[in-house]
Amino acid sequence: MRITNFLIIGLLAFMWACGQNNIHQIDLAGDWTFQMDSLDQGISNQWYSKELPETIQLPGSMVENGKGKPVGPHTHWVGNLRNKKWFEHENYKPYLSADEFLFPYWLIPEKHYYGAAWYQKNVDIPSTWKGQNIELYLERCHWETQVWIDGQKAGMRNSLGTAHRYDLSDLLTPGKHKISICVDNRTKDLDVGPDSHSVSDHTQSNWNGIVGDIKLLKKAPLFIANVQIFPDVANKTARVEIEVKDRTAANGKTRIHVQAASMGSEQVIRVKAMEKVIDNHSKTIVIDYPMGDHVRLWDEFNPNLYQLRVEVKSGAGTDVREVQFGMREFKAKGTQFAVNGRPIFLRGTLECAIFPKTGYPPTDVDSWKRIINICRAHGLNHIRFHSWCPPEAAFLAADELGFYLQAECSSWANSTSSVGDGKPIDKWLYNESERMIREYGNHPSFCLMVYGNEPAGKNQGKYLGDFVNYWKAKDNRRVYTSGAGWPAIPENDYHNVPWPRIQGWGEQLRSIINAQAPRTNYDWLDKLGDNDRPVVSHEIGQWCVYPNLKEVEKYDGVLKAKNFEIFKRSLEAHQMDHLADSFLLASGKLQALCYKADIEAALRTPGFAGFQLLDLHDFPGQGTALVGVLDPFWEEKGYISPEEYSRFCNETVPLARFAKRIFKSNEEIVADIELAHFGPKELQSINPKWKIVDQHGKVIQKGVLASTTIKWGNGIKLGTINTTIPAKSAKQLTLEVEVAGFSNSWDIWVYPSEQQKLKEDILVVQKFNKQAMSTLEKGGKVLLTVKKGSIKPEAGGDIGIGFSSIFWNTAWTGGQKPHTLGVLVNPEHPALADFPTEYHSNWQWWDAMSHSNAIMLEGFSKPVQPIVRVIDDWVSNRQLALVFEAKVGNGKLVVSGIDLLSNNENRPEAQQLLYSLTKYMTSNQFNPAVELTTKDITGLFNN
């Protein structure tokens, strides 16, 4: 029995020893001791040699752990404020509270910290690690780290986009050691720009901590430091560059063995292995590795992946590295991109480090797969990471799902952080890009790389030209451009520029969507000129929606929507809180319409390379830019589904070119039908189908266009629809086109060319003159249709009305027009019986919004419920009307903020709305519920 016990004990001891010998990493996650260093005394007072008094959980941020200082008026935010005295602004001041800090410009945490903080942990190094290479791996630090081992400094790292790695081989011997890390989130001499999403409080927040893997890694004395794989699709080979480091400096031979195998659910294909023998010393070994005759290529439709196993053996030990890669070629081909020779079109959105639950980006693959799958459901195939680089988990997820990523070197330069002017950022950008390529370069999803966003600096062109040329010569696995936004310099593989879009910064009411009557027969060829390379439009969209005030309850993590509290209090003060949901849905329908117009214009442009939306989901910073059809949590808001969105944004999209969308019944409806097609295959013998349906879905007309073969590209002509629709009454119709299972649709309106004669008992005027007042006093009926610009400023005349939604947000753009979010309509009101409409803006309202004044209702002697309400900016929340009715004196009045008379003969929508209003006024249904005074009406107008 005793012999058996000895055997068991001996076996357990042997197993323990084997286990110790097989430990390759030590996980440092868990409790760390901690101390804030707000006075910057830690280094001078040698905190790395003392015990820290508090505890904290890593991975995590200070704020997640309840550390920091309460936010308030004097919090040191990172990020520009357009109005530093915002708290005195009339739209904010009444809703602020001395008991609670509210902030209108971005989401805020309950606590905030700007400075150095210390983290400390004791670790026991196994005896089997003696003489081995030891690396400290810190994933996603924010920002600068300095490390000490037992009081001895190991170095400093300041990467924003990659893990901080420290070689501790000479400092960690078997036994107990103290690791001290100082993490500093301040901007020092190195300034990447305060609005860069890598550091700014505008989005992810300027957190302090370490939020990814934290571990010690053991490597053999001779080990694989890095592997880079360069696919050659045409020759079915991969150039493998293996960096080997040797601490022993011993003579002898090292055998390198490489073998690739396919990944995924399909039958695994193992590529024939190769071996190479080298002398023992640190160097980079290059192997041209044949991938076999049946190579599985990677793209968005077939994201085939391989894993390359690299094994290094020598007398000093064995090291193995497994690397994921894809056989993929991403090139500029003329004015478009091609993946493995097939043309593609980038349909992208930005990701600006928006993660309200944590205040920092996730480092797990599943979180990124969720985001990418949501993007794909909306028809996208691309994400641009605006002025930041995501963790490796994002690349892994995109590899697996087949998504094209544009990563950036974490900078948005401004006057203080300009590039090319000899500042520390110039060298750092090269170093950071080297780190990004070293860490993420093998990922097939990493297809585009940029310095960062919208650079500043008088020497930016020369500096960024050299930067692009450096990377084009060094690494051909992706394409490069100078900056997102500009400059469009000759060195670029592609241009990422802002001008191909329907609304640009500063255009206000001069843009296509606001200055030109509704049409779809334009594209961006004139903006591209004689361009000879791909152009991707920069940050298109930026269309706002009214806040979803019910969203506030979702902010149960680090960042809180205190901005929404201000907006909610403002809405309540203006007595419209019961309309919050209606404002959201109506403005959301207009927002979706604007995005459809933007995206379709890009898809109509022959030879165009793609677009990057700002944004599919909300951007909660820079004044609160509610520009997404999804909220910051990537969840739907209730007014457009992914299925609806992907009808106009997809690999294959039918398109229609209309010279106009409003027709008289005696006019021919003409639509040139086209297709944008970038699917996995070209389409053979396709029969495009079309139909026109009414608002109830009843088919009015239908047809089939000529059978055709469809190649890849956009602007592919399928045929022309010519038809007329007889109409004795006004109709809202929808043209739907279906091609190879992909459908898209467009609303059009047909108004009678001749209207029924109405009784002549209504006075129609453009000024509230003596005749109008006399008519009302005598019990008559008056339609007051005022000229644009006749309302005095304080009564609504200073409100910029346009058709589109607000661009970005008025707080950040300095009040750029439009100032409103479309209309909220009662479609069942009899005044609109002959003007078909939904509850929200659609294209038939373009004429009205372009010839209108907003009318303030709050100055009236009694509350008025308008027939057509204008949705104001959520910052001001004024009660605004476009059309309302009232009893005045003994008579009845309809006031139209729309000028329905000027140039009426060329405005069919104005004719039809005028007819609908006057027909209503002649009926027995015209019986306004509210009585106003003459003074109420005269008070609206300029003298």
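Analyst: Let's start with a word you'll need: "buried" means under 20% relative accessible area, "exposed" means over 50%, and "partly exposed" is in between (1.4 Å probe, protein chains only). The model is predicted, so local features need pLDDT of at least 70 and side-chain atom pairs count only at pLDDT 80 or more, while totals for chains, interfaces and linings use all residues. Residues are numbered from 1 along each chain as its sequence is written, and side-chain values use heavy atoms, leaving out hydrogens and water.

Now the salt bridges, where a side-chain nitrogen of Lys or Arg sits within 4 Å of a carboxyl oxygen of Asp or Glu. The count here comes to 52.

Take E674 and R657, whose side chains meet at 2.6 Å, N to O. E674 sits in strand β38 (residues 669-677) and R657 in strand β36 (residues 652-658), so this pair ties together parts that are 17 residues apart in sequence. (Strands are DSSP runs of E, at least two residues, and helices are runs of H or I, at least four, both numbered from the N terminus.) Both partners are tucked away: E674 is buried, and R657 is too.

Now look at E322 and R309, a salt bridge with its closest N and O atoms 3.9 Å apart. E322 belongs to strand β23 (residues 317-325) and R309 to strand β22 (residues 306-314), so the link spans 13 residues and joins distant parts of the chain. E322 has a relative accessible area of 46%, which means partly exposed. R309 is partly exposed as well, at 34%.

Next comes E667 with K660, where the closest N and O atoms are 2.6 Å apart. E667 counts as partly exposed because its relative accessibility is 27%, and K660, at 31%, is also partly exposed. Elsewhere, salt bridges that share partners join D40, E144, D184, R186 and K188 into one network.

On to the buried side chains. D631 is in the loop between β35 (610-614) and α10 (642-648), and with a relative accessible area of 1% it's buried. Its side chain makes a polar contact of 2.5 Å with the side chain of K554. (That's a pair of N or O atoms within 3.5 Å; within protein, one must be able to donate a hydrogen and the other to accept it, and residues adjacent in sequence count only if both atoms are side-chain atoms.) Setting aside neighbours within four places in sequence, D631 is in contact (heavy atoms within 4.5 Å) with E551, K554, H617, D618 and K637.

T837 gives you another example, in the loop between β48 (820-825) and α13 (846-850). Its relative accessibility is 10%, so T837 counts as buried. The side chains of T837 and W845 are joined by a polar contact of 2.9 Å. Leaving aside neighbours within four places, T837 touches residues including Q732, V825 and P827.

W845 turns up again in the largest nonpolar core, which has 168 residues: W845 is one of those that touch the most other members, along with W368, F611, Y645, V868 and L882. (Such a core is a set of buried Ala, Val, Leu, Ile, Met, Phe, Trp, Tyr and Cys residues joined through side-chain atoms within 4.5 Å.) Helix α9 (residues 580-604) gives the most to this core, 14 residues. Apart from it lies another core of 29 residues, among them W32, F34, Y166 and I210.
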